[in-house]
Amino acid sequence: MISHKLVLIGPVGAGKTTAINTLSGSDAVSTDVKASDITGNRKQTTTVALDYGQLTLGDQHHIRFYGAPGQYRFNFMWDVLTSDLAHDANKCILLLDNTRNQPQRDLTFYIDEFSQLIQRTGLLIGVTQSDIRSEPSLAHYQAWIDELGIQADIHFFDARSRQSVLSLVQHALTDRIASDCWTPLLEQSQDMPILASSPDGTPQEPPLLMVNDYLGDKLIMKDSIVDDVMTIKGVEGAVLANDMGDVLTSSLDDPLLEEYIGFMAGMIPAFHATTQFDPAKSILIKSPKGSSINVFIEEDQVLGIIANQRTSARMLKQQVEDMLQWT
Ligand SMILES: Nc1nc2c(ncn2[C@@H]2O[C@H](COP(=O)(O)OP(=O)(O)OP(=O)(O)O)[C@@H](O)[C@H]2O)c(=O)[nH]1
Ligand SMILES: [Mg+2]
């Protein structure tokens, strides 16, 4: 029996747990808990440790699947997966969700976070939810990976359909498993219905999903982001301002700090106009009180977050981006 290992990575809701569950059924091990954060807008559960599943092809091939949690706050498991459990993986599969606001940012973020693993294994990209929103297209994804100088095949697929997941896995192991080994499994799964239950087997209510039109790289922050951000552990205050430096919404009771963030927001367009640098996307400053000020810039909006120093800017940014999905 020849063993193969695949690692599934990608953002919250991309379908890592669903894909492994679709393949392995009741044998799959998942560590999902009820989503208590913004993820709950999209689906009932989220992975906190990892997913595990396996598949056997006749008496020749045994495939193990490891799924990472999507949320950055559980990224200690990313290290465990890449340096231990799945350090000898044969391929890394990046799953993306076509209904998220910024699939390109997701793509860049996960390729960067898992760059060492990807260098060893190569990369395959599977994009779910294209039945809900067809844009961005495969051509968009191709252009983005070309820009990153990465080689990867890209496929739309549905993590709830066994046949669809099997053909993705077949692509991932195309240089290791002959295509005729897949025929019996693919034929058996032809008439299988789309999976409609959550990883623990309970029937799943389809979430009422509001999907925005695809806006390219534009991201719009609503006033409610300030209240949402305040629920993140380690966050002490948040301010939404425009690029003129006007404070739009704030949770701060420190007018000086508010003014300071507004001032920085107002500086940004002038800074772009007078330098040849690319527009800054984020700025991190240590505040006089020993916390850090994280400023995220989105076109004509600026979100300032005061957080304690143990909170990493990278984690904050990803959690904020998750909060801007599916609202
Ligand atoms: N409409 C549609 N739904 C899909 C498709 N693929 C997966 N889903 C649904 O999308 C959701 C994916 O959720 P999970 O599998 O928990 O996502 P995950 O990647 O494990 O997320 P985290 O563990 O939170 O990082 C489930 O509700 C699936 O039923 C697809 O192609 N189309
Ligand atoms: Mg999961």
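Predicted model: local features only at pLDDT ≥ 70, side-chain atom pairs only at ≥ 80, totals over all residues.
In which crossing, left-handed or right-handed, does helix 3 pass helix 10?

**View 1. Tryptophan 78 and phenylalanine 109 form an edge-to-face aromatic pair.** Eight aromatic pairs turn up in a search of the whole structure. In this one, the rings sit 6.5 Å centre to centre, with 75° between the planes. The pair links distant parts of the chain, as tryptophan 78 belongs to helix 2 (residues 76-85) and phenylalanine 109 to helix 3 (residues 103-113), 31 residues apart. Tryptophan 78 and phenylalanine 109 are both buried.

**View 2. Tryptophan 78 also pairs with tyrosine 110.** Here the ring centres are 5.8 Å apart and the planes lie at 55°, so the pair is tilted. Again distant parts of the chain are linked: tryptophan 78 in helix 2 and tyrosine 110 in helix 3 are 32 residues apart. Both of these residues, tryptophan 78 and tyrosine 110, are buried.

**View 3. Helix 3 passes helix 10 in a left-handed crossing.** That settles our opening question. The axes of helix 3 and helix 10 (residues 313-323) come within 12 Å and cross at roughly 150°, which makes helix 3 roughly antiparallel to helix 10. On the helix 3 side, look for Arg105, Phe109, Tyr110, Asp112 and Glu113; helix 10 brings Arg314, Lys317, Gln318 and Glu321 to the contact. Sorted by class, this contact has six charged, two nonpolar and one polar residue.

How values were computed
Residues numbered from 1 in each chain as written. Chains lettered and ligands numbered in written order. Heavy atoms only, no water. Phe/Tyr/Trp six-rings, centres within 6.5 Å; stacked < 30°, edge-to-face > 60°. Helix = DSSP H or I, 4+ residues; strand = E, 2+ residues; numbered from the N terminus. Buried < 20%, exposed > 50% of the residue type's maximum accessible area, 1.4 Å probe, protein only. Axes fitted to C-alpha atoms, helices over the stretch in contact; angles between N-to-C directions. Parallel < 35°, antiparallel > 145°, perpendicular 65-115°, else oblique. Left-handed = near helix turned anticlockwise from the far one by under 90°. Contact = heavy atoms within 4.5 Å. Nonpolar A, V, L, I, M, F, W, Y, C, P; charged D, E, K, R; others polar.
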